[in-house]
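Here are my notes on the helix packing in this model. Have it open beside you while you read.

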Amino acid sequence: MNLNDAKLRTIASNTFGIFLRDKLLIIFSALFLCVILMMMTPLLTLKARTTISNMENMQVYVLGLVSMIMSMVSGAGSLLAAWAAADAVATEMKSGTILAVMARPVKRWEFLLGKYLGVLILMALYVAMMFALSYLLAWMGGQRVQSATWVLLAYPMVRYAIYAAIAMAVATVAHPVLSWAFTLLLGVSAMLVVPRGEPSDNLAARWLSTGLYYVLPSTEFLSEDRFLSIKDATLHQTGWLEHLTTLTYGVDYAFVLLLLAMWSFHFRSLKRD
């Protein structure tokens, strides 16, 4: 058991190290940081204009700007999780280094799980950055985030685990670009598809919409934006049971997809494409 743990830690740490040296990710991070810096300017303006008399209105404006920026950052994280997971498998397959890894020996499920853990380490770093950024943006606007710390950390982490698992499962049978595009399409579809409760002449469309709603990952339920608040009065009163149910759903969904990826990868040829 300890030997297996050592293998997983080695694969995960090596995968994370590769991400830190990935030129594409470095360029993406630099461009994205520039965009965030430009969007911070309105917050500084609002802070300068905040007085005791307009405090209530400024809280609304600041929360709106913070939510908009964090939604963009959160969406970029979903794309990052999908791309990192797909590329983590495809790169080793394309270079042929996977054959050397398997010769140690390493089981296929250990290789895939180690890669997945490496992606989760990267996303944990990203989530920590998101958390710090939300507090920084609120402070720049002269406000303070009231939401629970663990909520702003746990919800995006579980959501990214789902996106990474989807992309990794598809990457075992398709090109990483196709895997990334498929995951993006799936995520958008999950946000758009809602069950139709009203009567409809098209019974087939209603059944299809309802079926897709339950099959596709409901990542909107795992959005930390539901709990991001600057005013105590606007905090969502969510009980522990609802939190536990929602997060368990997300973890279970990611786990099932990871098992599917392992099953698919078991039959995949390890030769270069």
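1. Start with α6, which has 33 residues and spans 48 Å from its first C-alpha to its last, close to the 48 Å expected at 1.5 Å a residue. The expected span is 1.5 Å times one less than the number of residues. Helices here are DSSP runs (H or I, at least four residues), numbered from the N terminus. Just after α6, G142 takes a positive phi of about 80 degrees.

2. A word on the source: this is a predicted model, where local features need pLDDT of at least 70 and side-chain atom pairs count only at pLDDT 80 or more, while totals for chains, interfaces and linings use all residues. Residues are numbered from 1 along each chain as its sequence is written, and side-chain values use heavy atoms, with hydrogens and water left out.

3. Now α10, residues 240–266: its 27 residues reach 38 Å from first C-alpha to last, close to the expected 39 Å. Its buried residues (under 20% relative accessible area, 1.4 Å probe, protein chains only) include H243, T246, L247, G250, Y253, A254, L257 and L258.

4. How do α7 and α10 pack? Their angle is about 20 degrees and their axes lie 8 Å apart, with axes fitted to C-alpha atoms over the stretch in contact and angles running from 0 to 180 degrees between N-to-C directions. The two are therefore roughly parallel (under 35 degrees). The contact (heavy atoms within 4.5 Å) includes W150, A154, V158 and A161 of α7, and H243, L247, G250 and A254 of α10. By class it has 19 nonpolar, three polar and no charged residues; Ala, Val, Leu, Ile, Met, Phe, Trp, Tyr, Cys and Pro count as nonpolar, Asp, Glu, Lys and Arg as charged, and the others, Gly among them, as polar.

5. On the α6 side the contact is made by R108, W109, F111, L112, L113 and Y116; on α10, by A254, L258, A261, M262, F265 and H266. That divides into 10 nonpolar, one polar and one charged.

6. Finally, α6 and α7 pack at about 145 degrees, with axes 9 Å apart. Their contact has 20 nonpolar, two polar and one charged residues.

Definitions and conventions: Buried < 20%, exposed > 50% of the residue type's maximum accessible area, 1.4 Å probe, protein only. Parallel < 35°, antiparallel > 145°, perpendicular 65-115°, else oblique.
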